[in-house]
Amino acid sequence: MIIPLTTSGSIKTLSQPECLWCNTPNLPALTCFDRRFGIKGKREYRFCPNCCSYSISPAPSEAELKAWYHEFYALGSRVTTAFKSGFMYRLWRHVDGQDCLYELLKPGPLLDIGCGFGDLLAIAQGMGNEVWGQEFDPISAEFSRNRGLQVREEPISSGDFPQKYFTNVVLSQVIEHVQAPVKLLKDILPLLTDHGQIIVSTPNPHGIFARLYKNGWAGWHTPFHLCMVSKKALVKAAQELGLVCIRTNTNSPGYWFFLNLYSYLYGKEGHVNYKAFEKTPYLKRRLLVLSLAPFLRTIDFLGLGDNTIIVMQKR
């Protein structure tokens, strides 16, 4: 049975707003603050006894989110050149436990929602897929277009995306950022071809590291993550939408392991922390990640990894 996390000294009885995933009244919560970019202010994540997801409270306003995304996500200094796609690079991604979503793609058009700087699109294009991207941040979208990628800023509900056209729709580290995540899945359905698939990759709030670090887990990523979706919720939603789950697994990137550790040990309200591990020499970082690979792959095999991947296919 999945139970809500508890944190000594931070649990309190709260009014019970509805779950962002299933609209069920929520239960007591964890109190969290931003441990990555230094945004001040505490927020709470409230547990849903129906779908076992967590919802942020209070939710930041749309204006706040736009300002924060512009300031902290669209950082040109953090952008690298196009991802490599050779054998050694892909081998490293497997060893490191990264999601490798490009390996889950079927032949045919791809729509990457929240495509960021277009890295997945660039890889898929190189593999022969027709690629489309959607990205609401204008800086990120423009960067992707400058790479020769077809990226639009309009929401997918705008009618600007062709219906029954996409074999693959990807939500990579996106669904947790959405105020109405189930509506997003419903909006995607008309865009899928017969037997088209939705690939979701999202942090796992019921993984071993979320339970170990509690409100110090980096995956809460307050205030950007609005709804931390459980595997149970994703599987049930797929069934209700007439989709078939053809794959569910967890993965734990080595980088995330250290992000969690540094978040827990050094995270302070108002303190920038996301670059702490990056200060470690490159070779040392690689060796540290490599040494952890057997441990992290075992956790993934047991379904307790830091991130959930689920593939839903249209009947």
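A salt bridge is taken here as a side-chain nitrogen of Lys or Arg within 4 Å of a carboxyl oxygen of Asp or Glu, and ten salt bridges are found in the structure. The model is a predicted one, in which local features need pLDDT of at least 70 and side-chain atom pairs count only at pLDDT 80 or more, whereas totals for chains, interfaces and linings use all residues. Residues are numbered from 1 along each chain as its sequence is written, and side-chain values use heavy atoms, with hydrogens and water left out.

Helices (H or I, at least four residues) and strands (E, at least two) are DSSP runs numbered from the N terminus, and two strands are described as paired if DSSP finds at least two bridges between them. Four strands form an open sheet in the order β1-β2-β3-β9, with antiparallel pairing. Because β1 (27–33) and β9 (227–228) stand at the edges with a single partner strand each, one side of each is left without a neighbour in the sheet. Within this sheet, β2 (residues 42–47) and β3 (residues 54–57) run antiparallel and are joined by four bridges, Tyr 45 having Ile 56 of β3 as its bridge partner.

Strand β11 (residues 307–314) is largely enclosed by the rest of the structure, because eight of its eight residues are buried (under 20% relative accessible area, with exposed meaning over 50% and partly exposed in between; 1.4 Å probe, protein chains only). Asn 307, Ile 309, Val 311 and Gln 313 point one way from β11, while Thr 308, Ile 310, Met 312 and Lys 314 point the other way. Strand β8 (residues 192–203) pairs with β11 in the antiparallel sense over seven bridges, with Ile 198 opposite Met 312; β10 (residues 243–251) is also antiparallel to β11, over eight bridges, and Asn 249 has Ile 309 as its bridge partner.

Among the salt bridges, that of Lys 66 with Glu 62 has its closest N and O atoms 3.5 Å apart, and both residues lie in helix α1 (residues 62–73), four residues apart, about one turn of the helix. Lys 66 is partly exposed at 45% relative accessible area, whereas Glu 62 is exposed at 57%. In the salt bridge between Asp 119 and Arg 147 the closest N and O atoms are 2.9 Å apart; Asp 119 lies in helix α3 (residues 119–126) and Arg 147 in the loop between α4 (138–146) and β6 (151–152), so the pair ties together parts that are 28 residues apart in sequence. Asp 119 is buried at 19% relative accessibility, and Arg 147 is partly exposed at 22%. Glu 142, Arg 145 and Glu 153 are linked in a network of salt bridges.
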